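Hi,

Here is the structure I said I would pass on. Please open it first, then read my notes below.

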Amino acid sequence: MLGPAGAFACFAAGTGAGLLLRNRCHDRFHALEAWRDALEVMGLLLQEERLPLGDLLCQTAHGLARQGAAAQVRARLLHTGEAILSAPSLTLSQAYEAAVKTCPISGEQAEEQGHLILLFGQLSSGSAAMRHQAVMAAMKRFGLLVEKARSKAEDTGKLYARLGALGGLMLGIALW
Amino acid sequence: MTWQETVNFLSLCLPRSVAKTIAALPAGEAREIRVRANRPVRIVAASGDKICSLVATQEQVNAIAESLSEHALYARADEQRHGYVTLRGGHRMGLCGRVIAQGGNIRALREISSLCVRIAGQWPGTADPVMPYLLDEAGRVRSMLVVGLPGTGKTTLLRDVCRQLSDGGLRMAMVDERSELAAMSRGVPQLDVGENTDVLDGAAKDVGLRWLLRGMGPHAMVTDEMGGMADAQAVLEAAQNGVGVITSVHGGDIETLAHRSALYHLMQHQVFSLYVLMDPNSTGKVMGVYDGQRQLILHTYGGNA
């Protein structure tokens, strides 16, 4: 029906769809990794420096890479930090929520979104030690999420890629 | 920080109705902002108190304190234990609330119930009455002690002395323990302390004076609110090294200074060649200038000689 060109197109489309789904799994993994790195920097800054929260977030952002998922996390942290620097009457939670709308992160899911909203609420109350503890607890949670996401990215991602290629091949053969 | 910059900063941090009241006052008129839980906000102005319509809840008082400190209250635990925090621009925010104490020491302050922002001002010319007496025949800066009650303008005078000496070409160094003299923000003084001034921000006075003496080669050093024997010893060392020290102390008169052991120690060594007494009935006015033997040498403004 479609001939060889059409069959090849089906195969390519199936492979592409599979790779897209695989990349989504990887996106989440990379985003979680970037957050874990950001939390590590933030924890160190909280321990070693005594910065206003806006500066803390901006300096944390400057410690991240400028490409990929890290760049997206960087942008969100910078947006939050600069918001409370320019409008100190904003709470940290309000600034973060605005940044979530303005700075999306590929692959981000509700689970880590919940953890981050909790963290940014905890960062605006309590002593320095309590805030540091909140960041350490968040790092632990993100560490577990990273491992789960890595495993899913490897296993499920491969599965998606293979299923996509296979599905496209079968469709191509069926419509040849 | 100019008055307009101060108003802009306060407008960002305070509820709109309070910011509007302050902005409506003439430049420099507002002296204090007092916020108390479940009470109307008050602006203390030179022409009298202005009562705002806003009645702040305890949560709002807490939020205002966080906002004024630019979300840095948690990082200023040491300052909070002394009862106040210095804001951007050199303004001082006093805090009241529930104290968490341990073994007689204050560990933390919680549930902030009231705050008082004392608005810093830069009044060029405050030091004019004392400037003619600050340099000796050889052009060296004399050590000077400024005495005054709280709110009489000691810090303002010190800042202006530093500015004038610095702009006159002398190398000045400043230990700004509470960030009120120069109000450093990201390494830049928000208040004018002179072109030729090095500022050590946040350091304890005794450590800072020695640091500057060793590293910055100043002609004179300025620091505010001299405290106990550790501070006095550092001042003595500086004076013995030929560097003038200009500092201040709380007090209502010159005569009773010798009752304080730290000052007595310095008087024994004749460290201060000049004493300045601030007028208790106004802000930024010199009432009298005294020589090293605490004899009145100069005019008075207001008060009696």
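A strand here is a DSSP run of E with at least two residues, numbered from the N terminus. By that rule, Glu111(B) lies in strand β6 of chain B, residues 105-118. Keep in mind that this is a predicted model.

**Backbone**

Glu111(B) is not a glycine, yet its phi is positive, about 45°. Its relative accessible area is 47%, so Glu111(B) counts as partly exposed.

His71(B) also has a positive phi, about 60°, and is not a glycine either. This residue sits in the loop between α3 (58-68) and α4 (77-81) of chain B. Is His71(B) buried or exposed? It is buried: the relative accessible area is 5%, and the cut-off for buried is under 20%.

**Interface between chains B and A**

Eleven residues of chain B contact 20 residues of chain A. The buried area is about 1200 Å². Carbon and sulfur atoms give 55% of that area.

Which residues of chain B lose the most area to chain A? They are Leu12(B), His71(B) and Tyr74(B), together 55% of what that side buries.

Two elements of chain B, α1 (3-13) and α3, each give two or more residues to the side that touches chain A. That side divides into five nonpolar, two polar and four charged residues. Between the chains there are zero salt bridges. Five residue pairs are in polar contact, both residues at pLDDT 80 or more.

Best wishes

Terms used
Residues are numbered from 1 along each chain as its sequence is written. Chains are lettered from A and ligands numbered from 1 in the order in which they are written. This is a predicted model: local features need pLDDT of at least 70, side-chain atom pairs count only at pLDDT 80 or more; totals for chains, interfaces and linings use all residues. Side-chain values use heavy atoms; hydrogens and water are left out. Helices (H or I, at least four residues) and strands (E, at least two) are DSSP runs, numbered from the N terminus. Buried means under 20% relative accessible area, exposed over 50%, partly exposed in between (1.4 Å probe, protein chains only). Contact means heavy atoms within 4.5 Å. Buried area is the accessible area (1.4 Å probe) that two parts lose on being put together, summed over both. A salt bridge is a side-chain nitrogen of Lys or Arg within 4 Å of a carboxyl oxygen of Asp or Glu. A polar contact is a pair of N or O atoms within 3.5 Å; within protein, one must be able to donate a hydrogen and the other to accept it, and residues adjacent in sequence count only if both atoms are side-chain atoms. Ala, Val, Leu, Ile, Met, Phe, Trp, Tyr, Cys and Pro count as nonpolar, Asp, Glu, Lys and Arg as charged, and the others, Gly among them, as polar.
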